[in-house]
Amino acid sequence: MSRNPWPTLAVVAVAQFMVVLDVTIVNVALPDIQQDLGFSASALQWVISAYTLLFGGFLLLGGRVADLVGRRRMFVIGLLLFGLTSLLAGLAQSPDQLIVLRAVQGLGGALLSPAAFAILTVTFAHGRERNIAMGIWGGLAGLGGTLGVIAGGVLVDSLSWRWIFLVNVPFAIVLALLAPSIVAESRASQAGPRTFDVAGALLSTAGLLAIVLGVIRAEPLGWSSFEVIALLIGGAALLFAFVRVEARSTAPLVPLTLFRVRSMTTSTLALALNGAAFLAMFFLTAIFLQQVRGLTALETGLEFLPMGFAAIASAVVSAQLVTRFGTKPVQIGGGILSIAGLLLLSQADATSSYAATVLPGLVLFGIGIIAVGTPASISAVADVTHEQAGAASGVVNAGYQIGGALGLAIITTFSTSHVENLISGGAQPQEALVGGFERGLLIAAVFAAANILAALAAPRLRPTEEQMAEAAAAA
């Protein structure tokens, strides 16, 4: 093992920074991607959903494989897969090619991210050094999300949308070359069966993909069409089979006993709803700012920037408020602020003042979304055993990604349908886009309101310092 753990932190933290950056960097490039490759309005959301579904669907399997096969090995494999698919995505020539490559890129992230976090936890002993390392890890992840919108704008305006993917390639190559000499190999102890539960990962991901596709196809075909009904029923059947497999597995990806813990169940639901509201807001607003308000990609990124700073500040303050008042009031307050931000944003149009509508809406939403996520992450691991804490953190992270993909599909389907109905009724295209933007954000506000109901159903917890540390690590 490396005598000095800090170079290991540098390698895994930069890799995680790259993965987080990739989530937000894509949003500001969506209008250029749509125009260049000929995406339809309903299919464009797959650029986001294909990544998040595969990332969330295989996150637990990636962690399990890393523990048994070797964390450094899976870290390097995930890096190389992420880098290769980034290269090919930057060269994509059709919507289908880009969607498939984004899906495989999500798989690379699902191998890379849990391996990186596991390496971090085994490299630093519990105590001051690990706390410092976790702080750096979390700070870089937050910075990646904030800088992604700016980096995306710079790359799109100065080069092209293809560079939002190509920029990952040199990072992936350098980190993969450095890892063998800096990062020590480690595996979990061989207690219990050495199985991977591939069937569980495939069933859950296939079921979710079928349901998302069914929701999207409902926009052009109608909810009563045979194809839509078959996809929705087929997806539900696959998810039912997944539950049966997990119930009988000796080493399940998702221990179903976790959902007997009320705080765990309500937290997973809250984070899924949070993911839905966040991804939909980001997707819709990025398109609105460029196609309705006529901003460049860089200008769009700069308009998003205050939301990132507000979110970082909210992360610090929310943790302190949870310590003082408990999880439930902070989560409810965050839900209220999220709703207020979305409602304010929904009032924006082509001529609205940025300072009066867009800016306060983004800031309120940025504060609220983190004020929901922080107590939910803390509550998720508060009442589970130490042996199940890792599985619980994996479930809530997967829930956030999967909830985001499903919510984005639902919200964009209704938004796109509203745009087409307005155009068929004689509205001008820009007027119709504003109407679709407003409809989508109002539905996102419904998701945020459901988050308040999840908070009301959750137990009120006042976590210990140890539980706060575990929650920060899980996030």
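**Entry 1: E227 and R217.** I looked up E227 and found a salt bridge with R217, their closest N and O atoms 2.8 Å apart. I count a salt bridge when a side-chain nitrogen of Lys or Arg lies within 4 Å of a carboxyl oxygen of Asp or Glu. This is a predicted model, so I use local features only at pLDDT of at least 70 and side-chain atom pairs only at pLDDT 80 or more, while totals for chains, interfaces and linings use all residues. I number residues from 1 along each chain as its sequence is written, and side-chain values use heavy atoms, with hydrogens and water left out.

E227 sits in helix α11 and R217 in helix α10, 10 residues apart. (Helices are DSSP runs of H or I with at least four residues, numbered from the N terminus.) E227 is partly exposed at 35% relative accessible area, and R217 is partly exposed at 29%. My cut-offs are under 20% for buried, over 50% for exposed and in between for partly exposed, with a 1.4 Å probe and protein chains only.

Entry 2: Next I checked how α10 (residues 198-221) and α11 (residues 226-248) pack: the angle is about 160 degrees and the axes are 8 Å apart. Axes are lines fitted to C-alpha atoms over the stretch in contact, and angles run from 0 to 180 degrees between N-to-C directions. The two helices, α10 and α11, are therefore roughly antiparallel, a label I use for angles over 145 degrees.

**Entry 3: the other salt bridges.** How many salt bridges does a search of the whole structure find? It finds 3. R102 pairs with D22, with the closest N and O atoms 2.7 Å apart. R102 is in helix α6 (residues 95-123) and D22 in helix α1, 80 residues apart. Are they buried or exposed? R102 is buried at 1% relative accessibility, and D22 is buried at 1% too.

I also found D36 and R162 meeting in a salt bridge, at 3.7 Å from N to O. D36 belongs to helix α2 (residues 30-37), and R162 to the loop between α7 (128-158) and α8 (163-166). D36 is partly exposed at 46%, whereas R162 is buried at 17%.

**Entry 4: helix α4.** I then turned to α4 (residues 59-69), where 8 of the 11 residues are buried, so this helix is largely enclosed by the rest of the structure. Among the buried residues are L59, G62 and V65. G70 follows α4 and has a positive phi, near 135 degrees.

Terms used
Angles under 35 degrees count as roughly parallel, over 145 as roughly antiparallel, 65 to 115 as roughly perpendicular and the rest as oblique.
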